[in-house]
Amino acid sequence: MASKKAAESTLYHLSPKGFWKKFREVVAVNPEISSGLPSASLHRYPPPASRPEQYSTPAGKASDPAQNPYWKRDVRRAYPQLSVITQSDLSTLLIEHSSAPAVAAPAEGAGVPAAKPVVDLAEAITAITSTAKVYSEAKLPPSLPVPHKRWVPKLSPPPPHPEHTYFPMSLYR
């Protein structure tokens, strides 16, 4: 004899009682169908949130306040850092890079190189431009990159108008 194996519709689900049971028998199309509300005591064992122990996050480097200050974590205030070059630094750089680098032979007992004298920026520029012409017709200074060509106005032929009338409009392309 083959037995019919099917899930019991009311075994793990709540079913109405009293007035609502009678109301459901009268109104429902199929009163034998499950209500769909699971019984918490039978459906999930152990029920959620019934365990006595509490979860604790494992300690890491970020949980130590001495090693994790707020200013390192605050990305809203991570502004770009500005760099400052003084006129004396710029004049030193200009003088060093204006000529070909000359490497001296190492001398015995040579330690730290001597400090270079501080030169005024105007004097440094004058010294560099006097020895060699920095820019010429062939070597122009760098220009700003622009995404489009600059418009150069060119006069177009005049639009059609009566021959002996005053017509001040000029067309450009």
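Tutor: Helices here are DSSP runs of at least four residues, numbered from the N terminus. In this predicted model, Asn 68 is found in the loop between helix H2 (40-43) and helix H3 (70-73).

Student: Why is Asn 68 called buried?

Tutor: The word buried applies under 20% relative accessible area, and Asn 68 has a relative accessible area of 17%, so Asn 68 is buried.

Student: Which residues are in contact with Asn 68, leaving aside its neighbours within four places in sequence?

Tutor: With those neighbours set aside, Asn 68 is in contact with Lys 61, Ala 62 and Arg 73.

Student: How many of the residues in the protein chain are buried?

Tutor: Of the 173 residues in the protein chain, 6% are buried.

Student: What describes the way helix H4 and helix H5 come together?

Tutor: Two packed helices are described by the angle between their axes and by the distance between the axes. For H4 (residues 87-98) and H5 (residues 121-131), the axes come within 8 Å and cross at roughly 15°.

Student: Why is H4 called roughly parallel to H5?

Tutor: Angles under 35 degrees count as roughly parallel, and the axes cross at roughly 15°, which makes H4 roughly parallel to H5. The crossing of these two helices is left-handed.

Student: Which residues of H4 and H5 meet?

Tutor: From H4, Gln 87, Leu 90, Ser 91, Leu 94, Ile 95 and Ser 98 meet Leu 121, Ala 124, Ile 125 and Ile 128 in H5. The residues of this contact divide into seven nonpolar, three polar and no charged.

Methods
Residues numbered from 1 in each chain as written. Predicted model: local features only at pLDDT ≥ 70, side-chain atom pairs only at ≥ 80, totals over all residues. Heavy atoms only, no water. Axes fitted to C-alpha atoms, helices over the stretch in contact; angles between N-to-C directions. Parallel < 35°, antiparallel > 145°, perpendicular 65-115°, else oblique. Left-handed = near helix turned anticlockwise from the far one by under 90°. Contact = heavy atoms within 4.5 Å. Nonpolar A, V, L, I, M, F, W, Y, C, P; charged D, E, K, R; others polar. Buried < 20%, exposed > 50% of the residue type's maximum accessible area, 1.4 Å probe, protein only.
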